[in-house]
Amino acid sequence: LGLALYTSSLSAASGAAVLYHDYCIIGAGPSGLQAAYFLQQAGRDYLVFERSHAPGSFFALYPRHRKLISINKRYTGKSNSEFNLRHDWNSLLSHDRRLLFRRYSRDFFPDADTMVRYLEDFASLLKLQVQYNTAIIHVTLEVDEQAWNGHYFLLTDQDRQNYKCSSLLVATGTWVPNVVNFPGSEYVEGYETVSINPEDFAGQTVLILGRGNSAFETAENILGVTNFIHMVSRSRVRLSWATHYVGDLRAINNGLLDTYQLKSLDGLLEGDLEDLAIIKDKKGKLYITLRFYLESRNRSAGIDSVTLPQDELDNFAPRAPYDRVIRCLGWKFDFSIYNRSLRIMPGKGNKKKYPQIKASYESRGTRGLFVLGTASHSVDFRKSAGGFIHGFRYTTRAIHRILENRHHGVPWPSTLYPVTQLTNSIIKRVNEASGLYQMFSVLADIILLRENATAFEYLEEYPVGVLAELETQTGRKARGGLFVIIMEYGRNFSGADKDVFYYNRAVGEAQHAWQSNFLHPVIYYYKHLPTEWEMRLRPPEWPLPRPDALHHIVEDFLTDWTAPNAHILPLRRFLENCLSTDLRNFFAESCFLFAFTRRRLPPSCQQGYVRMQGLVGSEALRRHAVEAGLLEDYTPTDSAVHRPPESFKESQEQLLRDPTIPVRSLQHLVNAKDE
């Protein structure tokens, strides 16, 4: 007996062993694999837990009809890889050029099975640390003052194996179907199980609950074989081209709108689903009624004893019986595995399907718990692309950079430039940066002014919602003012009720850039880093507080903001006004003249010509500058070639024409003038 008890205690101790990792990632979907890639590149200790036998298990089932609505634009006419990611909505970020989605599919809207294969290759080719067939069934906290966040996260899998982590990254997405309970809801089929064979619906009348892409995808599949399809939801249809939100109804699925508006039997209805009730007759037909008709009646007594709306209103819209009712209401986050100690709470209103998180993607209730991917979409719900691969691949990178600074002392990546490169740096990023383009109004480039505005530090794709915490989150100091570069649509151009095709919808002149409607760059200038209080008091629908100065770069039909007069010149003048300096680039002759006529040289002269840098003068270059109006024409006439100088001005002109004047002499003169 003693031996048996001893053996049993050893087995229990073995089963209770806790495996530790610095970072635990729950879910090997796109966001989980993306986070794993960044952690692996940084050499961190991590492990990904995946309940299925392969990554991307969600895409193995959804969308049910297998066509993705994320575009795969293989050709853009450009070879810039960063620019091309603007129009590649499926690839994850990596250094491996083999892992671009265009190498996996030629379809503009790819098949979901291709996504599954892509994610499998992403995990295997990059050798990511993923533990498959491991379902995490419980997560709780263990308080420990020595831990990074004052506690550890304890995870338990289906085999009762325990894991301990310092930081927890939740990448499970939203996969629990949304279900509305009402009388008769047991007769409803779910999107997750309904047949996808159109022939199963031949000659039937169908009611679909919901009005998102899954509802219209289902309708599109059976549109040609049904008697008619009705679709009911509490809100009006939202078209993605009107709202500029990729999660709203896409054109690829909206065939039912044609048959509705062109009076081909199909139709849309609005109503609160919780007020509905479904009655089934003896022939199996389903009738729609309202809940209050059943409140004082016995449903089991049969349909003949139940008052239907059409009994009182004979033209009640959904009065025809239905053969099938299908629920297509989307998904929500699985809160069930988290202990109350983690204080993970649902959001409010239309965000209740997501967990509450901060703008830094960290849980509001628990430090060190970050939510990735689709489940983090509450930060930019119905605004930007944070709930989709082409958006959360960038927010996941931002989370990684926050963690690197917080736990490993690695500051947010930045590049230091002289102020002469300010205009060029902004123009380059707004023309090719994919993170700014996809996560408009959410991620921004930050320019921190340095050394009395003679230099600047450039930080890419920082979450603007935590701008007040920039110094803490990035490890960078903002002492001399800053610029924030962000992409925005026009304030009144997006909405379910907006006509986005009206005449004169585009703005083409720089002086009216602030009225631009389409996506365009906006530059905010702050003399001081905004405070948390200022962030809270920002105007409604503004991503940032009111700045000290604001500049819109006028929208462009080609999204090519390189026009010298319409785009670059107004931007440069805005920057010059903010910094009280001259950001133009000057030829050597002009810099030499400025040394004698100005109290301070322009930055391009200080950082270029004075340091023996810049373009070497030549007669051809000088002639081109004269023809362009950039230099005075000091070329002597034939009659004046042999005439000696008659004034100091002529002597000065002779000096300017002489390319052999050493720069060291100019530096000596400047120093003497300063003294």
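**Entry 1: the whole chain**

I began with burial and found that 51% of the 675 residues in the protein are buried. A reminder to myself: this is a predicted model. Next I looked up the secondary structure, which comes to 22 helices and 22 strands. Of the contacts with a separation of 6 or more, 65% are between residues 24 or more positions apart.

**Entry 2: helix 6**

I then turned to helix 6, residues 213–222. How many of its residues are buried? I got 8 of the 10, so helix 6 is largely enclosed by the rest of the structure. I wrote down the buried ones: Asn213, Ser214, Ala215, Phe216, Glu217, Thr218, Ala219 and Ile222.

What covers them? My list includes one helix entry, helix 8 (255–261). It also includes strand 9 (205–209), strand 10 (228–233), strand 11 (267–270) and strand 14 (324–327).

I found 5 strands forming an open sheet in the order 8-14-9-10-11, with parallel pairing. Strand 8 (189–190) and strand 11 stand at the edges with a single partner strand each, so one side of each has no neighbour in the sheet.

I looked more carefully at one pair. Strand 9 and strand 14 run parallel and are joined by 4 bridges. For valine 206, I found the bridge partner in strand 14 to be arginine 324. Helix 6 packs on this sheet, where it touches strand 9, strand 10, strand 11 and strand 14. I also noted its direction, which makes about 175° with that of strand 10.

**Entry 3: helix 2 and helix 5**

Last, I looked up a helix pair. Two packed helices are described by the angle between their axes and the distance between the axes. For helix 2 (residues 30–41) and helix 5 (residues 112–125), I have an angle of about 20° and axes 11 Å apart. Angles under 35 degrees count as roughly parallel, and helix 2 and helix 5 are therefore roughly parallel to each other. Their crossing is left-handed.

Which residues make the contact? From helix 2, I noted Pro30, Leu33 and Tyr37. Helix 5 brings Leu119, Phe122 and Ala123 to the contact.

Terms used: Residues numbered from 1 in each chain as written. Predicted model: local features only at pLDDT ≥ 70, side-chain atom pairs only at ≥ 80, totals over all residues. Heavy atoms only, no water. Helix = DSSP H or I, 4+ residues; strand = E, 2+ residues; numbered from the N terminus. Buried < 20%, exposed > 50% of the residue type's maximum accessible area, 1.4 Å probe, protein only. Contact = heavy atoms within 4.5 Å. Pairing = 2+ DSSP bridges. Axes fitted to C-alpha atoms, helices over the stretch in contact; angles between N-to-C directions. Parallel < 35°, antiparallel > 145°, perpendicular 65-115°, else oblique. Left-handed = near helix turned anticlockwise from the far one by under 90°.
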